[in-house]
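Please look through the sequence and the model shown here, and then follow the explanation below, which goes from single elements to the whole chain and back to single residues.

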Amino acid sequence: MDGKDYQPYVPPEKTLKEFTIRAVILGSILGIIFAAANAYLGLKVGLTVTASIPVSVISMGILRGLFKTGNILENNIVQTIGSAGESIAAG
C-alpha cells in the first residue's frame, strides 16, 4: 500500500492459540461430513463442489458462537483440515 503503514490483523507481539485439539477435532468432523456429502453428490449427480468456504463459516459459528473463545488462527486450522478431508474424498 503506497504511503500507508500495513497493520497486521494479529500483531507480532500477541500470542494466540492456533493448533489446538479442539481445532483438530472440529476440522476432522467437518471434513468427514463434507467428504461424505461431496462423495454422495459426485456419485449421484456427477458433480462435486468445494467445501472450503462452508467449513470456514461453520467453524467460525461454532468456535465463536458456542465456545466464545475462537480466534482467526484457530479457525484457519479448522478450515484447512476440513477442506483437505473433503478434497481427498472428492478426488
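Predicted model: local features only at pLDDT ≥ 70, side-chain atom pairs only at ≥ 80, totals over all residues.

Residues are numbered from 1 along each chain as its sequence is written, and side-chain values use heavy atoms, with hydrogens and water left out.

The protein chain has 3 helices and 0 strands, where helices (H or I, at least four residues) and strands (E, at least two) are DSSP runs numbered from the N terminus, and along the sequence the pattern reads α-α-α. The radius of gyration of the protein chain is 16 Å, whereas a compact globule of 91 residues would have one near 12 Å; this radius is taken over C-alpha atoms, and the globule rule is 2.2 Å times the number of residues to the power 0.38. Along the principal axes, the C-alpha atoms fill a box of roughly 50 × 35 × 20 Å. Of the contacts (heavy atoms within 4.5 Å) between residues at least 6 apart in sequence, 70% join residues at least 24 apart.

Of the 91 residues in the protein chain, 26% are buried, a term that means under 20% relative accessible area, with exposed meaning over 50% and partly exposed in between (1.4 Å probe, protein chains only). The protein chain exposes about 6400 Å², of which carbon and sulfur atoms supply 66%; such areas come from the Shrake-Rupley method with a 1.4 Å probe, and for residues only the protein chains shown count as cover.

Helix 1 has buried residues, namely A23, L26, G27, L30, G31, A35 and N38, and their cover includes helix 2 and helix 3 (72-90). I21 also belongs to helix 1 (residues 21-45), but I21 counts as exposed because its relative accessibility is 64%. Together with I25, I29 and I33, I21 forms a nonpolar patch on the surface, with about 400 Å² of accessible area in total. Just after helix 1, G46 takes a positive phi of about 85 degrees.

Apart from neighbours within four places in sequence, S59 is in contact with L26, L30, N75 and V78, and L26 and L30 are among the buried residues of helix 1.

The loop between helix 2 and helix 3 holds F67, which is partly exposed because its relative accessible area is 41%. Not counting residues up to four places away in sequence, F67 touches R22 and I62. The C-alpha atoms of F67 and I88 are separated by 28 Å, the two residues being 21 residues apart along the chain. K68 is placed in the loop between helix 2 and helix 3 as well, and K68 is exposed, because its relative accessible area is 63%. Phi of K68 is near 65 degrees, a positive value in a residue other than glycine. Most residues other than glycine have a negative phi.

Definitions and conventions. Patch = residues over 30% accessible without salt bridge, like charges linked within 9 Å, V, L, I, M, F, W, Y side chains within 5 Å. Salt bridge = Lys/Arg side-chain N within 4 Å of Asp/Glu carboxyl O.
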